[in-house]
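Welcome, and thanks for taking a look at this one with us. Please open the model and keep it beside you as you read; the tour begins with a pair of helices.

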Amino acid sequence: MQSSHDPMKASAAKDAAVIEVADVVKAFGGLRAVDGMSLSLRAGEMIALIGPNGAGKTTMFNLIAGSLRPDAGSIRVGGVDVAREGPDRRIGRGVGRTFQIPRPFAEMSVLENVLTGAQAQAGERPWMNFLVPGRIAAQERAAVDRARELLDFVTLSRLELEPARVLSGGQRKLLELARILMADPRVILLDEPAAGVNPVLLELLIDRIVSLNAAGKTILLIEHNMDMVARLCGRAVVMAAGRLLAEGPPAQIARDPAVISAYLGDVA
Ligand SMILES: Nc1ncnc2c1ncn2[C@@H]1O[C@H](COP(=O)(O)OP(=O)(O)OP(=O)(O)O)[C@@H](O)[C@H]1O
């Protein structure tokens with residue numbers, strides 16, 4: 001990024017655990033989608049959460065991002081137990097997440113979609129607008145400047161006034177990345193970033209993910225594409241049937257007989 005104001009500034013110290021999930025359980029009726037799972041993410045790490053279909057990966061994301069509450073276990077962000085807090089509080093604590101299938105506001109412009117990622121500001125409180133309109137105008141200008149910077153980062157600047165419905169699947173993933181960066185998260189959860197993205201945009205997306213990580217963002221990604229996992233991540237955590245099955249460098253994980261048989265079970 002060329003700008004002097006770097007929107008991906010690093011904040012956390014290396015080696016401190018930013019996310020610590022311990023013995024978490026989440027059941028849907030009789031099904032334990034997550035069944036005593038633990039996961040720890042150190043500041044600046046980029047790791048993959050992998051496993052066969054139905055292993056519980058997305059449920060883990062929903063638990064870490066706050067859209068689901070665990071039935072048991074703890075979820076710590078920066079050392080604070082946040083298990084009872086909802087998604088808005090989680091964003092405030094620096095956790096941003098993308099979805100497997102991004103759903104931008106189709107009729108809003110690309111720029112407006114990015115602006116929806118800004119944390120609640122004074123302008124959303126009408127009485128503040130009445131008392132300090134000058135300050136709000138300045139905040140809004142700063143937010144638009146930042147949204148434009150982020151659109152530049154994801155190479156969507158030329159489309160900023162277009163409605164989001166014109167974007168391809170890959171461009172929607174880039175837009176979503178820009179939107180979550182508006183809240184300056186220190187941890188980014190990426191749900192299948194490669195899925196449905198054409199090869200050219202995929203290289204761009206990978207490049208942006210690498211540069212976010214190099215700038216200090218801690219990244220956890222769910223990904224079925226093992227080449228991408230091997231390229232991006234030093235460590236992969238494998239889930240099967242709601243539990244931790246294995247963990248280690250991707251190349252080692254790919255040879256692990258227990259992992260292979262979990263995936264074969266998925267295919268059978
Ligand atoms: N809201 C829900 N209500 C009922 N069952 C659910 C719900 N969400 C997930 N499940 C079930 O929980 C299990 C784990 O689902 P989850 O989506 O977390 O797996 P996953 O590892 O992300 O799978 P995939 O790779 O296919 O996305 C599955 O059996 C799924 O059907």
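In the contact between helices H6 and H7, Gly-170, Gln-171, Lys-173, Leu-174 and Leu-177 of H6 meet Leu-201, Leu-202, Leu-205 and Arg-208 of H7. Sorted by class, this contact holds five nonpolar, two polar and two charged residues. Please bear in mind that you are looking at a predicted model.

How do the two helices lie against each other? The crossing of H6 and H7 is left-handed.

Next comes the open sheet of six strands, whose order is S6-S7-S8-S3-S9-S10 with mixed pairing. Its edge strands are S6 (95-97) and S10 (243-248), each of which pairs on one side only. On average, neighbouring strands of this sheet are turned by 20 degrees against each other, direction ignored. Within the sheet, S3 and S9 pair in the parallel sense, and Ala-48 has Ala-236 in S9 as its bridge partner. Helix H1 lies across S3, S6, S7 (187-191), S8 (218-222) and S9, and runs at about 150 degrees to S7.

| Strands | Sense | Bridges |
|---|---|---|
| S1 (residues 17-28) and S4 (residues 72-77) | antiparallel | five bridges |
| S4 and S5 (residues 80-81) | antiparallel | two bridges |
| S3 (residues 46-50) and S9 (residues 235-240) | parallel | four bridges |

On the S5 side, Val-77 is partnered by Val-80. The hairpin of S4 and S5 has two residues between the strands, and there Gly-78 takes a positive phi near 55 degrees.

Finally, which residues surround the ligand? They are Phe-28, Leu-31, Ala-33, Gly-51, Asn-53, Gly-54, Ala-55, Gly-56, Lys-57, Thr-58 and Thr-59. By class, the shell has four nonpolar residues, six polar and one charged. Strand S2 (31-42) and helix H1 (57-65) each supply at least two residues of this shell. H1 gives the most, with three residues.

Notes. Residues numbered from 1 in each chain as written. Predicted model: local features only at pLDDT ≥ 70, side-chain atom pairs only at ≥ 80, totals over all residues. Pairing = 2+ DSSP bridges. Near = placed C-beta within 6 Å. Nonpolar A, V, L, I, M, F, W, Y, C, P; charged D, E, K, R; others polar. Axes fitted to C-alpha atoms, helices over the stretch in contact; angles between N-to-C directions. Contact = placed C-beta atoms within 7 Å. Left-handed = near helix turned anticlockwise from the far one by under 90°.
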